[in-house]
Amino acid sequence: MATAVPAASLRAPSSSPAAAARRLGAGAPSLRKRHCAVAPVAAACGPAPPRQLDNEEAASSGRRRVLVAGAAAFLSRPNPAASEAKKGFLPVVDKKAGYSFLYPFGWEEVAVQGQDKVYKDVIEPLESVSVNSIPTSKEDIRDLGPPDKVAEALIKKVLAPPTQKTKLIEAKENDVDGRAYYTFEFTAQAPNYTRHALGAIVIANGKFFTLTTGANERRWEKMKDRLHTVVDSFKIENRI
């Protein structure tokens, strides 16, 4: 707390300026000790030097800082499973259409006529993911038939040009949050390349959704795990 200094003690007698200066000088140490803020002697009232900690206090302070930092790091650490599931991927959430999925980091969004969303690798053009939706009166993907029949028809009529030779490798049904999805794997062979691809289809919110992703056959072994992550991440949300 600042201590008020009587004005009389700061007033120098007119007969002795030197004595007044001595009195001010003599009073400075006690003013510094009290951290005073009296305007006439502000220059003499510097901050008190920091107290030096002994070895025991310094060690204790250091331990407290380590404990606080450790607790903060633990509380702010994300869920490891969630972090690993998204490592190397970026999310796409289309609230209007009601779907979401992940795509590999480094792919860029491009505009393709007739597709809702397309992301692709700018160096490897066959590495991409696309989402398309069309209106339907059906309410469940199973209303169209079994997975292999539906996938085969979709590949030949929609996902690959008529000039390409296609092969369905696998098709199966998956249940996600009580909704049926068909996922499938296929190849489409062109004269100068073969694309190895994965797909997921589902009916929801009055639409037939198709997600397709793939890569050049020569890069399939390197990319297949990432592409499966893309397909498995595809999810439709209920619209109210």
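Colleague: Why is Glu 124 called buried?

Modeller: Its relative accessible area is 16%, and buried means under 20%, with exposed over 50% and partly exposed in between (1.4 Å probe, protein chains only). So Glu 124 ends up in the buried class. Bear in mind that this is a predicted model, where local features need pLDDT of at least 70, side-chain atom pairs count only at pLDDT 80 or more, and totals for chains, interfaces and linings use all residues. Residues are numbered from 1 along each chain as its sequence is written, and side-chain values use heavy atoms, with hydrogens and water left out.

Colleague: What makes Arg 218 and Glu 124 a salt bridge?

Modeller: The rule asks for a side-chain nitrogen of Lys or Arg within 4 Å of a carboxyl oxygen of Asp or Glu. Here the closest N and O atoms are 3.0 Å apart, so the pair qualifies. The two partners sit in distant parts of the chain, 94 residues apart: Arg 218 is in the loop between strand S9 (207-216) and helix H6 (220-233), and Glu 124 is in the loop between strand S4 (117-120) and strand S5 (128-135). Helices (H or I, at least four residues) and strands (E, at least two) are DSSP runs, numbered from the N terminus.

Colleague: Is Arg 218 buried or exposed?

Modeller: Exposed, because its relative accessibility is 59%.

Colleague: How many salt bridges does the whole structure have?

Modeller: The search finds seven. One of the pairs is Lys 156 with Glu 152, whose closest N and O atoms are 3.7 Å apart. Both residues lie in helix H5 (residues 147-159), four residues apart, about one turn of the helix. There is also a network of salt bridges linking Asp 140, Arg 142 and Glu 173.

Colleague: Why are Lys 156 and Glu 152 called partly exposed?

Modeller: Lys 156 has a relative accessible area of 46% and Glu 152 comes in at 28%. Each value falls between the two cut-offs, so partly exposed is the label.

Colleague: And what makes Lys 224 and Glu 221 a salt bridge?

Modeller: Their closest N and O atoms are 3.1 Å apart. These residues are three places apart in helix H6, about one helical turn. An α-helix has 3.6 residues a turn, so residues three or four places apart point the same way. As for cover, Lys 224 is partly exposed at 27%, while Glu 221 is exposed at 58%.

Colleague: How do you know that the span of H6 is close to the expected one?

Modeller: The expected span is 1.5 Å times one less than the number of residues. H6 has 14 residues, which puts the expectation at 20 Å, and from first C-alpha to last the helix reaches 19 Å. There is a kink, though, of about 25°, centred on Arg 226. That bend is the angle between axes fitted to the seven residues ending there and the seven starting there.

Colleague: What is the largest nonpolar core made of?

Modeller: A nonpolar core is a set of buried Ala, Val, Leu, Ile, Met, Phe, Trp, Tyr and Cys residues joined through side-chain atoms within 4.5 Å. The largest one has 26 residues, and those with the most contacts inside it are Tyr 99, Phe 101, Val 129, Leu 211, Phe 234 and Ile 236. H6 gives the most to this core, with five residues. A second, separate core has 15 residues, including Ile 141, Val 150, Ala 180 and Ala 188.

Colleague: What about Tyr 181: buried or exposed?

Modeller: Buried, because its relative accessible area is 3%. It's found in strand S7 (residues 179-189). Among the residues it touches are Ile 141, Glu 173, Phe 234 and Lys 235. Tyr 181 and Lys 235 are 54 residues apart in sequence, yet 9.2 Å apart in space, C-alpha to C-alpha.

Colleague: And how many helices and strands are in the chain?

Modeller: Six helices and 10 strands. The chain has 240 residues, and 35% of them count as buried.

How values were computed: Contact means heavy atoms within 4.5 Å.
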